[in-house]
Amino acid sequence: MQRLSAQWLLMLSIVATAAMAQQVTEEWISFTAPDKSFSVLFPDQPRLTESKEEHAHNNIWMYAVQGQRVFLSGDTDYDFKFDTESELKADQDNFLKAVQARLVTSRRFEFERGPNDKLQAIEFTGESTDFNFKGIAIVEKQRAYMFCVGGRGNLVASTDKFLNSVKLSRL
């Protein structure tokens with residue numbers, strides 16, 4: 001099962017600090033992952049990190065900041081098969097644990113990649129003392145995707161724009 005690394009927590013801490021000084025702009029940037037596995041709109045030029053983890057072929061993470069919000073996306077290719085249901089639940093729970101948030105809502109759904117092409121996914125929200133979070137995790141074969149927004153206040157408009165912009169390519 002995917003183990004969200006300390007990278008998520010570290011990344012969130014770094015960008016949350018930076019978020020306080022960021023200006024909010026309305027110009028969003030379409031970004032495609034280096035392996036062309038997905039594209040998503042970011043409110044600013046995203047920063048990219050790639051790493052290797054145990055039992056993973058690649059681990060790509062991108063993040064951007066808009067005002068007091070942090071936008072995170074990533075995917076991981078594993079070198080083993082996993083149970084879809086367990087992976088989705090682990091992605092949700094491990095992310096919320098990493099950011100020290102409690103689960104508020106969770107719902108399973110099918111992410112529509114294209115006509116007659118649906119992937120298993122989970123959408124969740126969480127909250128901590130200082131931040132609210134909303135994210136989706138999607139799985140396909142031996143790949144797990146994660147797209148999340150965290151920040152202060154009402155996240156609805158920018159979060160929906162980010163999450164609704166997610167496009168996945170076929171593996």
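D77 stands opposite R143 in strand β9. Strands here are DSSP runs of E with at least two residues, numbered from the N terminus. This is a predicted model: local features need pLDDT of at least 70, side-chain atom pairs count only at pLDDT 80 or more, and totals for chains, interfaces and linings use all residues. Residues are numbered from 1 along each chain as its sequence is written, and side-chain values use heavy atoms, with hydrogens and water left out.

**Strand β5**
- β5 and β9 (residues 143-151) run antiparallel and are joined by nine bridges.

**Salt bridges**
- A salt bridge is a side-chain nitrogen of Lys or Arg within 4 Å of a carboxyl oxygen of Asp or Glu.
- The count comes to twelve salt bridges.
- D35, D75, D77 and R143 are linked in a salt-bridge network.

**Pairs between distant parts of the chain**
- E127 and R102 meet at 2.6 Å, N to O. E127 lies in β7 and R102 in β6, 25 residues apart.
- R113 and E140 meet at 2.8 Å, N to O. R113 lies in β6 and E140 in β8, 27 residues apart.
- R113 is buried at 18%, and E140 is buried at 8%.
- R170 and D117 meet at 3.0 Å, N to O. R170 lies in the segment after β10 and D117 in β7, so the pair ties together parts 53 residues apart in sequence.
- R170 is exposed (over 50%) at 59% relative accessibility, whereas D117 is buried at 10%.

Technical notes
Pairing = 2+ DSSP bridges. Helix = DSSP H or I, 4+ residues; strand = E, 2+ residues; numbered from the N terminus. Buried < 20%, exposed > 50% of the residue type's maximum accessible area, 1.4 Å probe, protein only.
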